[in-house]
Amino acid sequence: MASLLLVEDDKTVRETLALNLRAEGYQVETAVDGEQGLRLGRELNLDLVVLDVMLPKLDGLTVCRLLRKESDVPIILLTARGTET
């Protein structure tokens, strides 16, 4: 079973994604902010990290950069921005 970390601060989005990923057979760990996500990303043996860009405490791009220095785990970045930049 593939193990993934879902880092998402929005409770509804986090719970919905986790529920659907578990239904597809993934083992899902969750984090609610960038600091927790970075800690779990370092501690757990993961097959994938799903990471929100806009996170409290430590933004998702910073978490991505820090994890990438230490690991080659695949990372998918999510964003819910309402406009194109």
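Four strands form an open sheet in the order β2-β1-β3-β4, with parallel pairing. β2 (27-31) and β4 (75-78) stand at the edges; each has a single partner strand, so one side of each lacks a neighbour in the sheet. On average, neighbouring strands are turned by 15° against each other, direction ignored. The model is predicted.

**Strand pairing**

β1 and β3 run parallel and are joined by four bridges. Across this pairing, Leu4 has Leu48 in β3 as its bridge partner. On the way from β3 to β4, the chain passes through α3, and this β-α-β crossover is right-handed. β3 (residues 48-52) and β4 also run parallel, again with four bridges between them. Val50 has Ile76 as its bridge partner in β4. Leu51 stands opposite Leu77 of β4.

How enclosed is β3 by the rest of the structure? Four of its five residues are buried, so β3 is largely enclosed. In a regular strand, side chains alternate between the two faces of the sheet.

**Helices on the sheet**

| Helix | Residues | Lies across | Angle |
|---|---|---|---|
| α2 | 34-43 | β1 (3-7) and β2 | about 140° to β2 |
| α3 | 60-70 | β3 and β4 | about 170° to β4 |

**Helix α1 and its ends**

An α-helix has 3.6 residues a turn, so residues three or four places apart point the same way.

Asp10 caps the N-terminal end of α1. Just after α1 comes Gly25, with a positive phi of about 100°.

**Ser3**

Ser3 is found in strand β1. Is Ser3 buried or exposed? Its relative accessible area is 11%. Buried means under 20%, so Ser3 is buried. Leaving aside residues up to four places away in sequence, Ser3 touches Gln27, Asn45, Leu46, Asp47 and Leu48. One of these contacts, Leu48, is also the bridge partner of Leu4.

How values were computed
Residues are numbered from 1 along each chain as its sequence is written. This is a predicted model: local features need pLDDT of at least 70, side-chain atom pairs count only at pLDDT 80 or more; totals for chains, interfaces and linings use all residues. Side-chain values use heavy atoms; hydrogens and water are left out. Two strands pair if DSSP finds at least two bridges between them. Helices (H or I, at least four residues) and strands (E, at least two) are DSSP runs, numbered from the N terminus. Axes are lines fitted to C-alpha atoms, for helices over the stretch in contact, and angles run from 0 to 180 degrees between N-to-C directions. Contact means heavy atoms within 4.5 Å. Buried means under 20% relative accessible area, exposed over 50%, partly exposed in between (1.4 Å probe, protein chains only). A polar contact is a pair of N or O atoms within 3.5 Å; within protein, one must be able to donate a hydrogen and the other to accept it, and residues adjacent in sequence count only if both atoms are side-chain atoms. A crossover is right-handed if, with the strands pointing away from the viewer, the path from the first strand over the helix to the second runs clockwise.
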